Each structure stands twice: as C-alpha cells, then as structure tokens.
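Let us walk through this structure step by step. Keep the sequence beside you as you read.

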Protein chains: 2
Amino acid sequence: MFHGELLRLIEEKKFAQARERLNECNEVDIAEWLDDFEKDSRALVIFRLLPKEMAADVFSYLSPESQQHIVEGLTDRELAGVIEDLFLDDTVDFLEEMPASIVKRVIATADTQTRAQLNQLLMYPPDSAGSLMTPELMELDGDWTVARALAAVRRQCEDKASISWLYVTDGRRHLVGVVDLRSVLAAPDAQRVDALMEPDVKAVRTHDDQADVAAMFRKYDLLAMPVVDNERRLVGVITIDDVVDVLEEETTEDIYKMAAMTPAERGYMETDVLTLAKNRVLWLVLLMISATFTGFIIARFDAALAANVLLASFIPMLMDTSGNAGSQASVSVIRGITLGEIRFSDLPRVMWKELRVSLLAGMGVAAVNFLRVWLMYGDPVMALVVSLTLVFAIMAAKLVGCALPLLAARVGLDPALMAGPLITTVADPMALLLFFNIAMLLMPGLSG
Amino acid sequence: MFHGELLRLIEEKKFAQARERLNECNEVDIAEWLDDFEKDSRALVIFRLLPKEMAADVFSYLSPESQQHIVEGLTDRELAGVIEDLFLDDTVDFLEEMPASIVKRVIATADTQTRAQLNQLLMYPPDSAGSLMTPELMELDGDWTVARALAAVRRQCEDKASISWLYVTDGRRHLVGVVDLRSVLAAPDAQRVDALMEPDVKAVRTHDDQADVAAMFRKYDLLAMPVVDNERRLVGVITIDDVVDVLEEETTEDIYKMAAMTPAERGYMETDVLTLAKNRVLWLVLLMISATFTGFIIARFDAALAANVLLASFIPMLMDTSGNAGSQASVSVIRGITLGEIRFSDLPRVMWKELRVSLLAGMGVAAVNFLRVWLMYGDPVMALVVSLTLVFAIMAAKLVGCALPLLAARVGLDPALMAGPLITTVADPMALLLFFNIAMLLMPGLSG
C-alpha cells in the first residue's frame with residue numbers, strides 16, 4: 001500500500017512529492033488510513049497536504065471522531081475552504097455528529113448563503129427526506145435550447161451533487177419536469193428542453209420518511225430524486241449514495257428487531273454498554289414473562305411427568321424445533337413484506353403454502369426422530385408420541401409464524417417484531433400442549 | 001391512476017390517444033400494471049402501443065412470467081427491436097429466467113454483434129461480476145481533447161448503460177484511467193483527457209464474486225465500476241442499479257441463514273413448496289439433534305425434578321431467555337461483521353463489552369423474576385435459585401453468542417449461521433446445567 005512510502009516522504013519533509021503521491025490515491029482509502037491515526041497529529045499534517053479538490057471528499061468519508069479532531073486543528077480560513085467544497089448534505093451529516101461548539105464555529109465561518117442553507121437543512125427531522133437532500137441541483141427552464149442547457153451544465157456542474165438528472169421549473173420554482181442528462185447530450189443543439197422533458201416526475205416532500213424515500217428509489221431504480229415543499233416548489237435533490245446508507249440502516253433496524261432488540265442509533269462498537277443493555281433488557285423481560293405460560297403447562301401436567309420422567313427430557317427438543325420451524329416461516333414472510341413481495345391480501349395463499357411446507361418438513365423431522373427415539377429407548381409408543389407431536393407442532397408453529405407478521409403489518413405494527421423470539425413463546429406452549437395430550441391419548445398409564 | 005382511462009381508450013380503439021397517454025407514464029408503473037394482466041391478451045396490445053424508446057425500458061421491469069408471455073406474442077422483427085434497445089445486462093437478466101426455446105429465438109433474431117456479446121455474457125457464472133456487467137460503456141483515448149471526448153459522448157451516450165464515468169484505455173484496450181463526466185464537462189474544450197484522468201481505478205475481474213463487487217460499491221460510494229479480464233483489458237461496466245439488487249439478495253440470504261434456512265434462488269411466493277421444505281428440513285433436523293443434548297441434562301437430573309416438580313416449570317423460561325440473550329449478542333455481532341464494523345481482532349473488546357452488557361441485562365431480568373417467583377410461590381429460595389441462574393445463564397449465552405460469529409468468520413464459515421437457532425442449542429444446556437447445580441447447592445433437600 002501507499003502508507004509506508006507516504007509516511008517516509010513526510011518524515012523527510014518531501015511535502016511536494018507526498019502531495020503528488022496522495023493525488024494518485026483514492027479518497028476513501030486515504031480517509032480509512034487517516035481514521036487509523038486516531039488523535040495522532042500526523043493525521044492533520046497529511047490532511048493539510050491534500051490537494052484542495054480532494055480535501056473535502058476525504059473529509060466526508062472520515063469517521064466523526066477524525067472529523068472532530070481535524071476540525072479542531074484547522075484555522076477558520078482552512079475550515080471555511082473545506083466547508084465550501086463539501087456538498088451540503090455531507091456537511092449536514094457531519095454537523096449532526098458534532099458537539100454544539102463545532103456546529104457554531106462551522107456555521108460562523110461559512111459564507112452567508114451556505115449559512116442560511118445549513119440552518120434550513122438542520123431544521124428537518126433527522127429521518128426525513130429534508131435531512132437527506134442537498135439544494136445543490138441542476139435547474140433549467142423549459143424554453144431553453146439544448147445548447148444553452150449544456151452551457152449551463154458545464155458552468156455549474158462542479159458544484160452540483162448530481163447531474164444525471166436536470167430539473168425543469170417554472171418561473172416560481174415549481175417542479176414541472178425532469179430531463180436525463182443523457183437525452184440532453186444526445187439531442188441536437190437547437191432542440192428545446194421541454195420537448196425532451198418527462199412530465200411525470202417522481203418527487204418526495206421534505207417531511208417524508210427516509211424509509212419511504214428509499215422504497216421509491218428501489219422501486220423506480222433511481223439515481224437521484226427531487227424533493228419539493230408543500231407548494232411543490234423544488235428545494236433539493238437526494239442522491240443514491242445516501243439512499244444506500246438508508247437502506248442499510250433500515251436493514252440493520254429490521255435485523256435487530258427480529259432478534260428482539262431496540263435498534264441503536266449508531267454502530268455496535270460505538271454504542272455504550274448502558275444503551276446496549278437498555279435496548280435488550282426490556283425485550284428479555286417481556287419474552288421471559290410470556291415464556292412463563294409455557295411453564296404453567298408443565299406444572300399442569302406434573303402428574304404425567306411424575307409417572308414417566310423420560311417425557312421431560314423431550315421438552316427442550318420439542319420447544320426448540322417448533323420455535324425454529326415457526327421462525328423460519330415468520331422470517332420468510334417478514335422479508336417478503338420488506339421487499340414488497342407479500343401483501344396482506346396474500347394471507348390465504350401464504351397459509352396454504354406453509355401448510356404444505358410444514359407437513360413435508362414436519363414428516364421429515366418426525367421420521368428421523370422416530371428412528372432415533374425407537375433405537376435409543378426401544379420404546380415405539382414413546383417414539384410415536386414424540387414424532388406425532390413434532391408433525392403437529394411444526395405445522396402449528398409455521399401457520400402462526402407466517403400469519404402473525406402479516407396481521408401485525410395489517411394493524412400498523414412492524415412485522416419484524418413477529419420474528420423468532422416472539423414466535424417461539426407462542427409456539428412453545430402449543431408444542432407442549434400437543435405433547436402432553438398426545439401422550440395421554442397413546443400411553444394409557446398416564447393421567448393428567 | 002391511468003389504468004381506467006387507458007383501458008377505455010383501447011376499447012374504443014383510440015390508439016393514438018392511448019399511446020400519447022402511455023408516453024406520459026413512468027416505465028416502472030406501466031410494467032407493474034402489465035404484470036397484473038398475467039396472460040390476458042390486452043397486455044400484448046398495450047405493450048405494442050408503447051413508443052419505441054419506452055418499450056425496452058418497460059420490458060426490463062416486467063416479471064419473467066410477463067416477459068415470456070409478451071415475447072411469445074411478438075413477431076421476430078418486433079422482438080429484435082426490443083432486444084436491440086435493451087441494455088445487454090438487462091437482456092442477460094431476462095434470458096437467465098427464460099426456457100431454452102426462447103433463449104434460442106432471442107439469440108437467433110439478434111444482430112451479429114449482439115449475438116456474440118450475449119453468448120459471451122451468458123457463459124459467466126451466475127453470481128460473478130461478468131454476469132452483472134454490460135459491455136456498453138464509454139471508452140476514450142487519453143490523448144483526446146475535452147471537445148473531442150464530449151462529441152464522442154454526445155454521439156454514443158444513448159447506447160451506453162452508464163455515462164457518469166468514462167474509461168480511458170490504451171491501444172490494446174488495457175484500462176489506464178477513469179474520468180468523471182462532470183470533470184470533462186467542467187474543463188475547457190482544449191484540455192487533454194489524460195490531464196483529468198484518475199489513474200487509481202477501482203476495477204473488478206469478470207470472475208469476482210458479486211458479493212465482493214457489492215462490497216466495493218458500498219465502500220467507495222460508486223455509481224459504476226469497470227470490469228477487466230485477466231489481462232486487465234476493459235470488458236464491461238457494472239452499474240449501481242444492479243448492485244442495489246445484489247445487496248438486497250445478499251441481505252435476504254443473511255436473514256434466511258440467521259433463521260436457519262438455506263436461502264432460495266427466487267422470491268418466497270415464486271418458490272415451490274418442495275424447495276421451501278427442502279431448504280428448511282435439514283436445518284430443523286440438525287438443530288433437533290443438537291437440542292437432544294439439552295434433554296440428556298434433564299434426564300440426568302431426574303431425581304432432582306422428581307423431588308421438586310416445580311423446578312420443571314421454570315425450564316421453558318430459562319431456555320427461552322438464555323436463547324434470546326445469546327441471539328441478541330450474536331445478531332449484533334453478525335450485522336457488525338457484515339457492515340465491516342467488527343473484525344476478528346476486535347474479539348477481546350467485543351467480549352468485554354458483552355460481559356458488561358450481560359451483567360446489566362441479567363441483573364435487570366433477574367430482579368423482575370425474583371419478585372415474580374417470590375410473590376407467586378412465596379418461596380424466596382426458589383426465587384433466588386431461578387434469578388441467579390438467569391444472571392449466569394444470560395452472561396454465558398451472550399459471551400458465546402458474541403464469540404461464535406467471529407470465530408466462524410475466522411475459520412472461513414459464514415458468521416450468519418451462528419445466529420439465534422444455533423446459539424439457542426448451545427445456550428440451552430448451559431442454562432439447565434447452571435439451574436440444576438445452583439438448585440442443588442441452595443436447596444439442601446435435592447439430590448442429583
């Protein structure tokens with residue numbers, strides 16, 4: 001890698017050569033490298049060596065800790081230079097992680113227009129379209145020619161966050177259409193922009209939730225999307241790179257909920273112990289309380305357990321298997337809902353599918369189990385009891401497991417909550433009730 | 001929506017008006033609408049009405065079922081027109097879902113160059129960079145001026161899958177650099193392309209796995225990425241829209257594995273019952289067998305259970321709670337590994353974190369449980385036994401839960417396998433061993 005050579009050049013004070021070498025590197029790689037220095041003062045030396053056109057890019061990829069460390073070492077003039085080159089959405093992402101003193105200093109050093117825009121953007125709720133967007137977009141008039149539009153693009157494109165799509169507005173900034181840069185490039189110079197424009201523009205509003213924005217990007221395969229205010233005036237653009245981050249955040253939240261945790265605001269390593277414990281303990285207590293109902297079933301059948309102590313040793317396997325079977329079905333359905341593949345109206349089809357899947361899977365598991373119990377204990381009746389329980393318990397668990405996420409979504413709850421841990425506490429008592437009842441039916445010596 | 005009005009126009013045979021109305025619609029919306037017709041012949045009528053420049057786009061968004069139905073209704077000449085307008089990566093996606101007869105017909109109707117390219121692309125393994133890429137990229141010579149480069153872009157851009165990045169090659173098609181279209185637009189006409197070019201190009205090879213490609217896109221915030229062959233000759237480009245689909249597939253696979261299922265090739269609704277059952281039953285059997293070890297522990301302590309039948313009723317709660325605690329830790333770590341946030345070298349830090357989190361969470365759960373058992377049964381010793389078990393079992397489960405995914409990754413296994421279901425079968429026997437041993441220690445009447 002470039003690290004060793006660069007450090008050597010810097011130690012030998014060959015700054016011009018170091019700068020040249022940095023110029024050939026990728027901004028993300030440099031940022032990753034600078035992050036490793038933590039509070040080492042060499043990070044600042046290297047950052048100052050970066051060519052002006054790279055510095056803002058590298059800065060936007062740094063961790064919040066490195067950003068803070070570097071900003072604290074920069075003069076007001078240097079800081080203003082970085083802020084000026086940053087896209088406003090990246091500046092907002094950075095400021096959202098900084099202490100108030102740094103936010104104040106950044107806003108004070110920014111020029112008047114940037115300051116006004118930053119104050120506006122920082123007012124949007126953190127998970128809204130407004131907080132993801134940047135006002136740096138390409139805006140055209142419909143009556144311009146292609147030649148004039150291209151001249152405008154060439155003059156302004158360096159300050160625009162996205163130039164793949166150009167937005168056509170009327171005199172009062174109302175969004176009236178969108179043109180692909182590609183169509184403009186391909187068209188003859190004299191063509192009018194509004195002849196190329198698509199009037200059916202997909203746009204979001206500033207207060208729309210970022211999850212809805214991400215869903216629109218996914219559905220329409222977008223690279224950029226305009227944001228309008230309540231009067232449909234164009235106020236910003238959201239670019240795909242920010243949406244990829246949102247999709248990832250949403251997935252993390254779903255996965256955390258499926259494992260019975262409240263999602264954290266930040267990454268695992270950056271979240272403190274107290275917050276992690278708080279995000280988990282409430283779920284553990286709730287699930288613990290619901291699991292006690294399973295305990296009541298065991299207490300209710302204590303006479304049967306006393307009559308045949310072997311029965312108790314099958315309890316863990318029956319609980320685990322039905323819990324696993326239920327969570328397989330629920331997680332499949334939850335993912336299908338997230339991807340827009342399964343809707344509430346599919347409930348009958350999903351249940352019919354799971355009925356057949358669970359019958360097949362249940363019979364497979366039961367067959368293996370029958371042989372195992374028979375061979376281990378030489379007791380075909382016990383083997384039959386346990387295996388029949390498995391078939392019915394797997395079927396019941398899968399039907400509940402596939403139905404609960406859809407029902408949750410229907411009443412406005414998050415389907416991800418209806419995953420493994422919760423399904424298990426529903427599937428467990430069903431499995432044990434089936435077990436004791438089938439045992440009493442087939443083993444005449446037992447009594448409830 | 002546009003549906004009712006369009007159907008009316010078509011029934012009244014006002015085709016010109018219908019076409020005009022379709023022209024204003026979004027391609028994704030039209031495709032979604034056509035999918036709802038299934039095998040209805042009106043889908044074909046509407047498809048034929050689409051303006052030529054929209055037809056290929058709409059086609060690329062159709063479900064494989066609708067694509068097949070429409071292709072079967074088109075003449076060879078119409079089909080050739082659609083294929084010509086489709087980007088090659090979309091054609092490959094489509095062909096990968098079609099029966100052999102349709103693949104043959106498409107390849108036969110395509111022009112010579114397209115046919116050669118399709119045959120080449122279809123040879124790459126399904127999850128490789130080669131199968132995601134398209135050869136339709138913008139290629140420049142380094143010694144061109146900006147004016148000449150822009151003229152080339154304007155002439156060729158309509159047939160290129162991505163024009164955000166332009167690739168500079170030498171005389172033998174070796175990739176030597178990349179230029180942002182934005183820099184070309186912003187530069188003066190007389191500037192040379194190689195003065196604007198970045199020589200440190202991130203590229204993948206045709207046989208690289210699509211998961212690695214997606215990781216590169218995520219890390220470097222890319223919109224497009226060049227693909228080279230073993231001699232570093234430029235052969236194609238991968239665009240972000242395909243990568244978003246890959247990221248989603250990878251997430252689905254991870255989530256399925258975390259719920260102890262073999263991921264399906266296609267969506268839940270499109271996967272047949274037999275495949276679903278097969279993907280689930282093996283895991284259920286494996287986990288069932290490992291759960292029987294927990295049963296052996298119960299059998300081992302049958303004397304204690306016989307002496308105090310109340311003990312058995314706590315088994316489900318202890319098993320569920322320790323399983324949930326372990327899967328919380330494992331899922332947090334698995335997600336951290338996926339996002340590149342946690343590495344094997346973090347193992348000591350992660351374990352130290354989980355030790356403290358589990359102590360806090362364990363004490364919280366134990367406190368609630370102590371009160372509940374004491375109030376319900378008036379037996380403070382039993383309350384103490386169960387609560388102490390909870391603290392230690394939660395700590396053990398979380399430590400195992402956080403360590404196993406990292407160890408799995410270390411030895412080259414997929415960390416996602418070390419999620420809830422597997423952690424549960426490890427945490428369960430630990431919880432029961434702790435329970436019986438603590439009970440025998442604190443309740444003098446019991447004997448193992």
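**Strands, turns and charges**

Keep in mind that the model is predicted.

Strand 5 of chain A covers residues 224-228. Is this strand mostly covered or mostly open? It is mostly covered, as five of its five residues are buried. The side chains take two directions. A:Ala224, A:Pro226 and A:Val228 point one way, while A:Met225 and A:Val227 point the other way. Both sets are buried. Here, buried means under 20% relative accessible area.

Now look at the partners of strand 5. Strand 6 of chain A spans residues 234-239 and pairs with strand 5 in the antiparallel sense. Five bridges hold that pairing in the model. The two strands form a hairpin, with five residues between them. In the turn, A:Arg232 has a positive phi of about 60 degrees. Strand 4 of chain A, residues 204-205, is another partner. Strand 4 and strand 5 run parallel and are joined by two bridges. In one of these pairings, A:Val204 has A:Val227 of strand 5 as its bridge partner.

Positive phi values turn up in chain B too. B:Lys13 has a positive phi of about 60 degrees, although it is not a glycine. Where does B:Lys13 sit? Its place is the loop between helix 1 (3-11) and helix 2 (15-23) of chain B. B:Lys13 counts as exposed, at 61% relative accessibility. B:Arg173 is another non-glycine residue with a positive phi, near 65 degrees. Find B:Arg173 in the loop between strand 2 (162-169) and strand 3 (175-180) of chain B. B:Arg173 is partly exposed, with a relative accessible area of 38%.

Next come the charges. Side chains of opposite charge can pair when their charged atoms come close. How many salt bridges are there over all chains? The count comes to 34.

Take one inside chain A. A:Arg105 forms a salt bridge with A:Asp76, and their closest N and O atoms are 2.8 Å apart. A:Arg105 lies in helix 9 (residues 100-109) and A:Asp76 in helix 7 (residues 76-85) of chain A, so the pair ties together parts that are 29 residues apart in sequence. A:Arg105 is partly exposed, at 23% relative accessibility. A:Asp76 is also partly exposed, at 43%.

Another salt bridge links A:Lys219 and B:Glu32, at 3.0 Å from N to O. Why does this pair join two chains? A:Lys219 lies in helix 15 (residues 210-220) of chain A, and B:Glu32 lies in helix 3 (residues 27-37) of chain B. A:Lys219 is partly exposed at 33% relative accessibility, and B:Glu32 is partly exposed at 40%.

Now move within chain B. The side chains of B:Lys52 and B:Asp85 meet in a salt bridge, with N and O 2.8 Å apart. B:Lys52 lies in helix 5 (residues 52-61) and B:Asp85 in helix 7 (residues 76-85) of chain B, so this pair ties together parts that are 33 residues apart in sequence. B:Lys52 is exposed, with a relative accessible area of 53%. B:Asp85 is partly exposed, at 31% relative accessibility. Salt bridges can also share partners. A:Asp29, A:Glu32, B:Lys202 and B:Lys219 are joined into one network in this way.

A patch of negative charge on the surface holds A:Asp93, A:Glu96, A:Asp127, A:Asp209, A:Asp212, A:Asp245, A:Glu249 and A:Glu265. Which elements give two or more residues to the negative patch? They are helix 8 (88-97) and helix 16 (240-258) of chain A. A:Asp127, one of the patch residues, is found in the loop between helix 10 (112-122) and helix 11 (129-132) of chain A. A:Asp127 is partly exposed, with a relative accessible area of 42%.

End the tour at A:Gly267. This residue is found in the loop between helix 16 and helix 17 (273-300) of chain A. A:Gly267 is partly exposed, at a relative accessible area of 24%. A:Gly267 and A:Arg182 are 85 residues apart along the chain, and their C-alpha atoms are separated by 39 Å.

Note on methods:
Residues numbered from 1 in each chain as written. Chains lettered and ligands numbered in written order. Predicted model: local features only at pLDDT ≥ 70, side-chain atom pairs only at ≥ 80, totals over all residues. Heavy atoms only, no water. Patch = residues over 30% accessible without salt bridge, like charges linked within 9 Å, V, L, I, M, F, W, Y side chains within 5 Å. Areas by Shrake-Rupley, 256 points an atom, 1.4 Å probe, with all protein chains shown as cover. Salt bridge = Lys/Arg side-chain N within 4 Å of Asp/Glu carboxyl O. Lys, Arg positive; Asp, Glu negative; His and termini not counted. Charge placed at Lys NZ, Arg CZ, Asp CG, Glu CD. Helix = DSSP H or I, 4+ residues; strand = E, 2+ residues; numbered from the N terminus. Buried < 20%, exposed > 50% of the residue type's maximum accessible area, 1.4 Å probe, protein only. Pairing = 2+ DSSP bridges.
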